[in-house]
Amino acid sequence: MFSNEERDAMYKVIYNRRDIRSFLPTPIPETTIKKILNAAHHAPSVGFMQPWNFILISSGEMKEKLAWAAEKERRALAIHYEDEKETKFLSLKVEGLKEAPITICVTCDPTRGGSHVLGRNSIPETDMLSTACAIQNMWLAACAEGLAMGWVSFYKKNDVRDILEIPPHIDPIALISIGYTDDYPKKPILESANWEKRRSLENLIFENKWGKNNH
């Protein structure tokens, strides 16, 4: 289906994609945003329910409100981290929300497709897993377009619902900051800072039963 060059390009994007916290104010062409959203919309979803929506936030006032929600939760999380350097990472996420020219709230509608979605009856959380596939597509597309993307994952859902006037049954799964950056690291930032190391893949693969491997 694909040439060697196309296949290599796909893996290059996968291995080079990063979670970014620092953005330039340079505006993003509307056509590029549309391409990224279209990539998200072509993600696989259980029962083809396509549970996602995308709220595009460019207003400085709205971004400030979302940053407030994230900052509130950052302060709550800070008690778990004594090291100043570690709490700084969380702070940079909040700043990225305000810096990036656009923030996208990706939501999940668990009612889409009705009460009997193929594959969801047994495992209800597949709606959120499907939305996560859309987010991954966004991330890879953004990287391929030369853009940086950062996932803000700490906030109270009801705060975001109130700010963006999201109905109570809809889940705000992610706040995504997107923009250009002049600081695109070669390694994940938390890996470079020795927060965590990438685990050995060999130790994560089992044969036939949990815990059994041939290594």
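Me: Taking contact to mean heavy atoms within 4.5 Å, which residues does threonine 107 touch, not counting residues up to four places away in sequence?

Reply: In this predicted model, threonine 107 belongs to strand E2, and its relative accessible area is 3%. Since buried means under 20% relative accessible area, threonine 107 counts as buried. Leaving aside residues up to four places away in sequence, threonine 107 touches Pro51, Trp52, Asn53, Ile55, Thr131, Ile166, Ile170, Asp171, Pro172 and Ile173.

Me: How far apart are the end C-alpha atoms of H5?

Reply: Helix H5 runs over 126-144 and has 19 residues, which at 1.5 Å a residue should span 27 Å. The model agrees with that expectation, because the end C-alpha atoms of H5 are apart by 27 Å.

Me: What covers the buried residues of H5?

Reply: The buried residues of H5 include Thr126, Thr131, Ile135, Trp139 and Cys143. Among the elements that cover the buried residues of H5 are helices H1 and H2 together with strands E1, E2, E3 and E4.

Me: Which helix supplies the largest share of the lining of the second largest pocket?

Reply: The second largest pocket holds about 300 Å³ of space, and its lining divides into eight nonpolar, no polar and two charged residues. Phe2, Met10, Ile14 and Leu140 are among the residues that line this pocket, and both H1 (4-16) and H5 (126-144) supply at least two residues of the lining. The largest share, six residues, comes from H1.

How values were computed. Residues numbered from 1 in each chain as written. Predicted model: local features only at pLDDT ≥ 70, side-chain atom pairs only at ≥ 80, totals over all residues. Heavy atoms only, no water. 1 Å grid on protein atoms, 1.4 Å probe; cavity = no way out; pocket = protein on both sides within 12 Å on 5 of 7 lines; lining within 4 Å. Points joined across faces, edges and corners; volume = space filled by probe spheres on them. Helix = DSSP H or I, 4+ residues; strand = E, 2+ residues; numbered from the N terminus. Nonpolar A, V, L, I, M, F, W, Y, C, P; charged D, E, K, R; others polar. Expected span 1.5 Å × (residues − 1). Buried < 20%, exposed > 50% of the residue type's maximum accessible area, 1.4 Å probe, protein only. Contact = heavy atoms within 4.5 Å.
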